Structures are given as structure tokens and as C-alpha cells.
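Visitor: Could you walk me through this one? I'd like to start with the ligand and then move on to the backbone.

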Amino acid sequence: MATRESNEQAGGTGRRALLGAAVLGASGTVLGLGGTARADGTRHGGGRGLKGLPVPTIIGHRGASGYRPEHTLGSYQLALDMGADVVEAGDLVPTKDGHLVCRHEPEIGGTTDVADHPEFAGRRTTKTLDGASVTGWFTEDFTLAELKRLRAVERIPANRPHNTLYNGRWEIPTFEEVLRWQDEQTRKRGKQVWIYPETKHPTYFRNLGLGLEERVAAILRKHGKHRRNSPVILQSFEPTGIQRLRGLVDNPLVVLLSGANSRPWDFVESGDPRTVADLVTPEGLKEIASYAQGIGPTLDLVIPRDAGGRLTRPTTLVRDAHRAGLILHPYTLRNENPFLPADFREGTGPDAYGDVFGAYRTYFATGIDGVFTDHPDTGLLAREDFVND
Ligand code: G3P
Ligand code: CA
């Protein structure tokens, strides 16, 4: 139940939970007990790099994708303008000629106007991606110059009808363009801009001869952003991809975790029988902590939902991860009803907002260190409420 009572069961009031998290671990182990309070009530570890970020950290998921077509410079820019602490720029996939571009998946029919380009009609095909059959157009079949002729469109217009206003406005950014944008924005704002790129489907692309990790590392090195305190956090659903990155760069690394019964695709291909349920045991978390700084679990691993979509009791994941020295940045909070736990849905219609502040209160109270959100402005207000509660 997502009630005040259950919030308190989950860890007390916002401020108590925040301080509790600091004592328990990530904010203790990773950020350090010497963390100090900011004027806005958030805490930080008082250090450089990851330790300097406010906690709970508000991460703009695919930019401010609740308001703009995802993974565009328009979406990233709005996330920054809203005040996001970190921008997920971007999910990275390669082109045929080896460039890294920002798309959530290789198939681009759902997020670009490729279907409106008759010259690319013959590229539509069906492939097997991580065991699933997918039909559409794939970045690895296009050169960068060809992809640059496309324009981004809203992925979920039924939930986000207003975002279609911006269909056709922005092109697909490259990772290099993102790094230059990061530098420009840092200069303009006089404040370090942080990004949180994700390598998508590393095993799939490696099998195609388009390994992601070496490309990411080479670009980060070229821009001098491969160090422990560089403002770039790297994430992936494939643990071996994160381990590969560990050997190439010193950036903070985060292992993403899907549903408890799922298996990372690199495990499937290598015959490693472990599931996510195995990775979130104390032993599994200890192993992750040997090469990564954090985990990015689906929110359901923090508080599972019942068959009706309502929240149940928090798991021990926050405590266990903190004890292993890992921070937690779960995904993804969105304002629209269909994405919220049933406890917080209000009104009807696929684009209607629910009681998302109630959802934030409940998740923040578990002691998480931050959250990915499509609506960074809402997340920042929720954090303000939480730290001042
Ligand atoms: O990267 C955190 C979160 O974005 C993982 O989910 O599928 O939106 O990339 P996804
Ligand atoms: Ca992502």
C-alpha cells in the first residue's frame, strides 16, 4: 500500500529516510558519512565526481522525454533547463559505419520518420534481437550520413499527444555531439553538466562486428572524459559489457537490472544460468561491487507490485546494495497514469497524470540514491518536498 503509513514502515519520513540512507550505506559507503547538506536540503558527499551530486539524484530519462521526443538535443536541453542533475544522453547504438548515435534501440521506426522516406523502404527488415523477432529499420543498416536525413518523432503519442508538436524538429544526435553539447552547456551555465550514457545490446552489436565499449572508451578518451571523476556515468543491462568498460575507462559504472526472472542477454549467450534474482542477492551485489559503483534496478525490484499493479512491501535491495557499497538509481518514474503503480492512478485517459508526488514519496522513503524520470521538473519538486519533510 502506498500510504503514509507504509512510507513510514519503509523507512520513516523523507528526511529521516535520507539521513538513514547516509548511515546505511551508499550515501554512507559511497558518498561518505561526512556528506554535507546543501542550501536546498539535499545532501552530497562533499567530494568531486559522483560524490558531488545531490541525493536523491534526479536523472532526466532520455532527456525530458515526458515533454519532447526522446533522445534529441531538444529533450536533453529541456532536462537541463528544468534543473536535472544528470541527463541520460544517450542510449547508444552504432551506425553501419561505426558511429555511435543516441537511440533507445537499434530499430528506429518508432522514434523517427524513417517510414516517410521512400528511399529507405527497402531497408525495412525482420531481425532477431536478443531472442525476439523485431521488424523495422535498424541503425546498423544505415550510415551516419543517411541517419542524419531522418528526424525524431514522439514514441508514445497516445500518452504524450502534446509532444507530437515537435515531430520532425530534431535530428538523431551522435555521442560526439552530446559531448560537445555537454561542454558548451557547462561553459554557459558555469556549472558542470553530467550525462549518463547507456550501451544498448552490447552482445548483439559485438556479434555484428560493432563492439560498443571500445568505441565509447575511445570517444571518452578523445574528450578527456574517461576518468574516475569525469562527469559521465556509464550504464548497461549486460554485466560483461560493464566489466569490459571497467578495463577501458575509469568512469563510474552502473549495472542495470530488469525483472527478477529475466536474464541479461550476455548471460544467455554465454550460458551463465544466473537471473537478475541471483544478481540482487548479497553475494550477487558483492560481485557487482567489484567492478561497478552502482545498480540501476527497475522500480519493481525496490517495491514489487501485486497482480493488480499495487505496491507491496519494499524488498531488502536498498539495504543490501548499500551494504555492498553500491548506489541505486532505479528507473523509471513517469507522470502518466499507465506507468504509475495502481495506488497512484487518478482520472482516466492514457495521457492523464496520477498522484506522482505520492509515488516519489514512497520510493524516496526506501533510501534510493536517485531515480530516472521522464519528467525532471516533477522529480525535482518531489525531491524538494522530500528533503524538507
Ligand atoms: O537507463 C535506465 C533506464 O533507461 C533503463 O531503461 O529501457 O529506458 O533504457 P531503458
Ligand atoms: Ca536507458
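**Ligand shell, core and backbone**

Guide: Ligand 1 is surrounded by His61, Glu88, Asp91, His104, Glu198, Gln235, Leu256, Gly296, Tyr331, Thr332 and Phe372. Please keep in mind that this is a predicted model.

Visitor: And by class, what does the shell around ligand 1 have?

Guide: The shell around ligand 1 is made up of five polar residues, three charged ones and three nonpolar ones.

Visitor: Let's step back to the whole protein. How many helices and strands are there?

Guide: The protein has 16 helices and 15 strands. Of its 389 residues, 52% are buried, and among contacts between residues at least 6 apart in sequence, 66% join residues at least 24 apart.

Visitor: Which residues have the most contacts inside the largest nonpolar core?

Guide: That core has 93 residues, and the ones with the most contacts inside it are Val86, Val87, Ile195 and Tyr363.

Visitor: Take Tyr363, then. What is it in contact with, leaving aside neighbours within four places in sequence?

Guide: With those neighbours set aside, Tyr363 is in contact with Leu299, Val302 and Ile303, and also with Ile368 and Val371.

Visitor: Now the backbone. Which residues does the cis peptide bond with omega of about 0° join?

Guide: That cis bond joins Val55 and Pro56, and Pro56 sits in the loop that runs between strand 2 (43-44) and strand 3 (57-60). A cis peptide bond also joins Ala89 and Gly90, with omega of about -5°; Gly90 belongs to the loop between strand 4 (86-87) and strand 5 (91-94).

Visitor: What about phi at Arg62?

Guide: Arg62 is not a glycine, yet its phi is positive, at about 55°. The residue lies in the loop between strand 3 and helix 4 (73-82).

Visitor: Is Arg62 buried or exposed?

Guide: Arg62 counts as buried because 28 other C-beta atoms lie within 10 Å, where the cut-off for that class is 20 or more.

Visitor: And where is His201 found?

Guide: His201 is in the loop between strand 10 (198-199) and helix 7 (202-207). Its phi is near 50°, again a positive value in a residue other than glycine.

Visitor: Why does His201 count as buried?

Guide: His201 has 25 C-beta neighbours inside 10 Å, so His201 is classed as buried.

Note on methods. Residues numbered from 1 in each chain as written. Chains lettered and ligands numbered in written order. Predicted model: local features only at pLDDT ≥ 70, side-chain atom pairs only at ≥ 80, totals over all residues. Near = placed C-beta within 6 Å. Nonpolar A, V, L, I, M, F, W, Y, C, P; charged D, E, K, R; others polar. Core = buried A, V, L, I, M, F, W, Y, C linked by C-beta atoms within 7 Å. Buried ≥ 20, exposed ≤ 12 C-beta atoms within 10 Å, placed from the backbone. Contact = placed C-beta atoms within 7 Å. Helix = DSSP H or I, 4+ residues; strand = E, 2+ residues; numbered from the N terminus.
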